[in-house]
Amino acid sequence: MLKIAVFVSGGGTNLQALIDRQQTKGLGGGEITAVISSKKGAYALERAEKAGIKGYFVSGKGLSVDEYSRKLDELLENEVKPDLIVLAGFLKIFSPDFCKKYSGRILNIHPSLIPSFCGDGMYGLHVHEAALAKGVKVTGATVHFVDAVTDGGPIVMQKAVEVREGDTPEALQQRVMEQAEHILLPDAVTLFCQGRLKIKDGRVSIS
Ligand code: GRF
């Protein structure tokens with residue numbers, strides 16, 4: 001059984017999608033054993049508790065990126081010991097050392113078709129605002145491995161979602177979550193746990 005640690009900072013609808021998949025079809029032999037939040041009282045922690053999964057709040061207050069990454073790593077090393085880390089709406093960034101140590105073992109979900117609308121500052125509603133401002137007709141979501149470049153790691157899966165006339169950022173965010181993120185992330189985690197993802201030359205192949 002592979003141990004999965006899910007990192008969150010907010011509402012946790014992607015976490016919920018993972019929990020639901022685990023409880024129905026399963027996650028390819030993986031099990032969510034910890035939920036780690038950078039935000040005290042995040043609703044995602046309540047979702048974890050309801051599902052009987054251990055939750056942790058790790059504060060980054062006053063800490064540099066390096067210090068916070070080391071603090072998280074201590075928890076992972078001493079207690080959580082995950083095989084896979086899943087970033088599901090986690091708003092902090094990791095140090096290059098942390099990314100290197102867990103290279104090939106961190107997945108992130110981003111609410112656009114990378115390389116569009118990604119990188120520093122592109123999170124939450126900002127992503128959908130930028131997509132609407134550009135006037136794209138199709139957007140979507142991407143699951144990728146994490147490396148030291150924000151949203152720059154090898155792409156695992158993508159799913160397209162149509163943009164509709166009169167969309168607000170909120171409406172588009174909702175559609176991208178329902179039609180793409182909440183399906184794609186459990187699918188990608190399942191493939192990882194089944195050992196079917198291979199990274200070669202910065203690209204991912206699925207067997
Ligand atoms: C999602 O849009 C995800 O793609 C992004 O942050 C948001 C988190 O939402 N990285 P939730 O906390 O899973 O509801």
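A: Let us begin with accessibility: a residue is called buried when its relative accessible area is under 20%, exposed when it is over 50%, and partly exposed in between, with a 1.4 Å probe and protein chains only. Helices (H or I, at least four residues) and strands (E, at least two) are DSSP runs, numbered from the N terminus. The model is predicted: local features need pLDDT of at least 70, side-chain atom pairs count only at pLDDT 80 or more, and totals for chains, interfaces and linings use all residues. Residues are numbered from 1 along each chain as its sequence is written, and side-chain values use heavy atoms, with hydrogens and water left out.

Q: Which residues of helix α2 are buried, and which are exposed on the other side?
A: In α2, which spans residues 43–50, the buried residues are Ala44, Leu45, Arg47 and Ala48. They cover an arc of only 155° around the axis, which puts them on the same side of α2; the arc is that of the directions from the helix axis to the C-beta atoms. Glu49 and Lys50 are exposed on the other side of α2.

Q: Against what do the buried residues of α2 pack?
A: Packing is read from contact, that is, heavy atoms within 4.5 Å. The buried residues of α2 pack against β1 (2–8), α1, β2 (30–37) and β3 (54–57). After α2 comes Gly52, with a positive phi near 75°.

Q: Which residues of helix α5 are buried?
A: In α5 (residues 125–134), they are Val127, His128, Ala130 and Ala131. Seen down the axis of α5, the buried residues fall within an arc of 160°, so they line one face of the helix. They pack against β5 (106–110), β6 (138–145) and α6. Gly135 follows α5 and has a positive phi, near 80°.

Q: How is the packing of two helices described?
A: Two packed helices are described by the angle between their axes and the distance between the axes. The axes are lines fitted to C-alpha atoms, for helices over the stretch in contact, and angles run from 0 to 180 degrees between N-to-C directions. Angles under 35 degrees count as roughly parallel, over 145 as roughly antiparallel, 65 to 115 as roughly perpendicular and the rest as oblique.

Q: At what angle do α5 and α6 cross?
A: Their axes come within 9 Å and cross at roughly 110°. The helices α5 and α6 are therefore roughly perpendicular to each other. Leu125, His128, Glu129, Ala131 and Leu132 in α5 meet Pro169, Glu170, Leu172, Gln173 and Val176 in α6.

Q: At what angle do the axes of α1 and α6 cross?
A: The axes of α1 (residues 13–23) and α6 come within 9 Å, crossing at roughly 55°. The two helices α1 and α6 are therefore oblique to each other. Residues of α1 that meet α6 include Ala17, Leu18 and Arg21, and among their counterparts in α6 are Leu185, Val189 and Thr190.

Q: Is Thr190 buried or exposed?
A: Thr190, found in α6, has 13% relative accessibility and therefore counts as buried. Leaving aside neighbours within four places in sequence, Thr190 is in contact with Arg21, Gly26, Leu27 and Gly28.

Q: What is a nonpolar core, and which residues of the largest one touch the most other members?
A: A nonpolar core is a set of buried Ala, Val, Leu, Ile, Met, Phe, Trp, Tyr and Cys residues joined through side-chain atoms within 4.5 Å. The largest here has 41 residues, and Ile4, Val6, Ile32, Val35, Val156 and Val189 touch the most other members. Helix α6 (residues 169–193) supplies the largest share of this core, ten residues. Another core, of 20 residues, lies apart from it and includes Ala34, Tyr56, Tyr102 and Ile106.
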